[in-house]
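This briefing describes selected features of one protein structure, grouped by topic. Please read it alongside the sequence and the three-dimensional view shown here.

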Amino acid sequence: MDPIRNPYAPGAGQRPPELAGRAEQLDAFDIVLERIAKGRPERSLVLTGLRGVGKTVLLNALRSAAVRRGWGTGKLEARPDQSLRRPLSSALHQAVRELGHPEADQVAGVLGVIKAFAQRDSAPGTKLRDQWNPGIDVAAAKGRADSGDIEIDLVELFTDVGGLAADVGKGIAVFIDEMQDLGPDDVSALCAACHEISQSGLPVIVVGAGLPHLPAVLSASKSYSERLFRFQRIDRLARDAADVALSAPAVEEDAAYEEEALAALYVATGGYPYFIQAYGKAVWDVAPTSPVTAADVAVAAPEAEAELAVGFFGSRYDRATPGEREYLRAMADAALALDELDTAWDGMGESVSTAEVAAVLGKKPQSLSPARDALMKKGLIYSGERGRIAFTVPHFGKYLRERG
């Protein structure tokens with residue numbers, strides 16, 4: 001079929017042509033927005049799941065929903081080596097601009113607080129002209145969000161931007177991707193700020209997305225975090241939703257799939273949205289005519305797997321050192337040694353114990369701690385419970401074993 005008309009979009013965070021299987025989350029968020037706008041209490045939201053399930057895509061869709069209701073929104077991506085101050089300041093600067101508050105003096109006052117919050121990230125003694133500026137042309141406020149204590153400053157910052165939003169009957173929504181990479185102090189401050197805002201009833205909400213262990217990260221920081229956030233596990237698509245993700249874009253291009261082709265694609269992709277897009281693109285390009293058949297899927301499979309090996313698996317594998325790669329392969333082998341189903345462990349994120357990995361390598365678990373910790377910091381594995389680890393990427397074990 002015509003490759004120019006290929007509707008599928010495999011890419012990091014790129015919205016697919018059909019956002020299938022996420023209506024429940026979108027509808028629930030609409031209710032949250034309406035309740036907060038009416039001054040009703042609501043919790044902030046955290047999306048968790050493996051890589052490739054579409055967390056970033058859904059995060060962007062939720063942000064679009066907030067924008068359509070006139071909310072001020074800003075988005076940032078957390079990084080392990082970066083303070084929250086700078087990216088959050090930029091996000092809130094954009095959110096305030098989107099609000100369209102009519103009182104210029106009040107807006108300038110809040111922008112000054114955002115600037116003061118950002119500039120506390122500069123090293124002590126830095127001259128004013130050398131301090132980082134989030135593109136705000138007003139003078140930094142004095143005595144507000146500039147104490148240097150991130151917890152105090154963030155509470156004051158959220159209070160001021162929330163008050164500005166309340167003036168115009170709207171809200172502020174901050175979207176944080178890769179939320180598990182926030183530093184411990186920043187996580188603690190964010191929880192404290194969300195707690196304060198929820199008690200004051202101001203229209204501010206945080207929507208985070210991260211790996212499956214994110215709830216544990218938040219709980220370790222503040223024991224009450226489970227009451228601050230509504231946690232939603234984002235998983236692979238059910239068969240009917242996966243079929244829609246493939247068929248709906250095809251229909252728009254006057255094409256279709258045979259039932260056997262859809263069944264074969266679900267087996268190949270496991271229902272993971274990123275894999276669905278990669279396979280959909282490959283199958284479209286090799287299929288001579290519509291409808292797409294199971295034979296077309298079989299022909300396209302090597303191309304789709306090659307694309308995933310480079311763009312999805314390989315890019316992550318290449319970030320690991322030789323010693324870390326050995327640890328990753330041992331994780332995959334440990335699963336087979338336990339006689340677990342390949343699809344159950346690789347696809348569902350089932351874990352193995354660190355002792356089992358050490359046994360495969362013939363080493364003591366303590367000696368492998370540096371490799372394990374480095375892989376966790378790189379976002380290649382995670383620990384949902386003490387002494388157990390799992391891949392953050394579905395089907396990664398299969399990929400590793402096929403590499404040999």
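Buried means under 20% relative accessible area, exposed means over 50%, and partly exposed lies in between (1.4 Å probe, protein chains only). The model is predicted: local features need pLDDT of at least 70, side-chain atom pairs count only at pLDDT 80 or more, and totals for chains, interfaces and linings use all residues. Residues are numbered from 1 along each chain as its sequence is written, and side-chain values use heavy atoms, with hydrogens and water left out. Helices (H or I, at least four residues) and strands (E, at least two) are DSSP runs, numbered from the N terminus.

**Salt bridges**

- The structure holds 18 salt bridges, each defined as a side-chain nitrogen of Lys or Arg within 4 Å of a carboxyl oxygen of Asp or Glu.
- Side chains of opposite charge can pair when their charged atoms come close.
- Asp160 and Arg144 form a salt bridge through their side chains, at 2.9 Å from N to O. The pair links distant parts of the chain, 16 residues apart: Asp160 belongs to helix H5 (residues 150–167), and Arg144 to the loop between helix H4 (104–119) and H5.
- Asp160 is buried, with a relative accessible area of 19%, whereas Arg144 is partly exposed at 28% relative accessibility.
- A salt bridge also joins the side chains of Arg63 and Glu98 (3.9 Å, N to O). This pair links distant parts of the chain, 35 residues apart, with Arg63 in helix H2 (residues 55–68) and Glu98 in helix H3 (residues 85–99).
- Arg63 has a relative accessible area of 18% and is therefore buried, while Glu98, at 30%, is partly exposed.
- The side chains of Asp373 and Arg372 meet in a salt bridge of 3.2 Å, N to O; Asp373 is partly exposed at 34% relative accessibility.
- Arg5, Glu253 and Asp254 are linked in a network of salt bridges.

- Strand E1 (residues 44–48) is mostly covered, with 5 of its 5 residues buried.
- Both faces of E1 are covered: Ser44, Val46 and Thr48 are buried on one side, and Leu45 and Leu47 on the other.
- In a regular strand the side chains alternate between the two faces of the sheet.
- E1 pairs in the parallel sense with strand E5 (residues 229–233) over 5 bridges; two strands pair if DSSP finds at least two bridges between them. Phe229 in E5 is the bridge partner of Ser44.
- E1 also pairs in the parallel sense with strand E4 (residues 204–210), over 4 bridges, and Val207 in E4 is the bridge partner of Leu45.

**The open sheet**

- An open sheet of 3 strands runs in the order E6-E8-E7, with antiparallel pairing. Strands E6 (352–353) and E7 (381–385) stand at the edges, each with a single partner strand, so one side of each lacks a neighbour in the sheet.
- E7 and strand E8 (residues 388–391) pair in the antiparallel sense over 3 bridges; Arg388 in E8 is the bridge partner of Glu385.

**Helices**

- Helix H12 (residues 294–317) and helix H17 (residues 396–403) pack at an angle of about 85°, with their axes 11 Å apart. Axes are lines fitted to C-alpha atoms, for helices over the stretch in contact, and angles run from 0 to 180 degrees between N-to-C directions.
- Ala309, Phe313, Gly314 and Tyr317 in H12 meet Phe396, Tyr399, Leu400 and Arg403 in H17, where contact means heavy atoms within 4.5 Å.
- Ala118 lies in helix H4 and is buried, with a relative accessible area of 0%.
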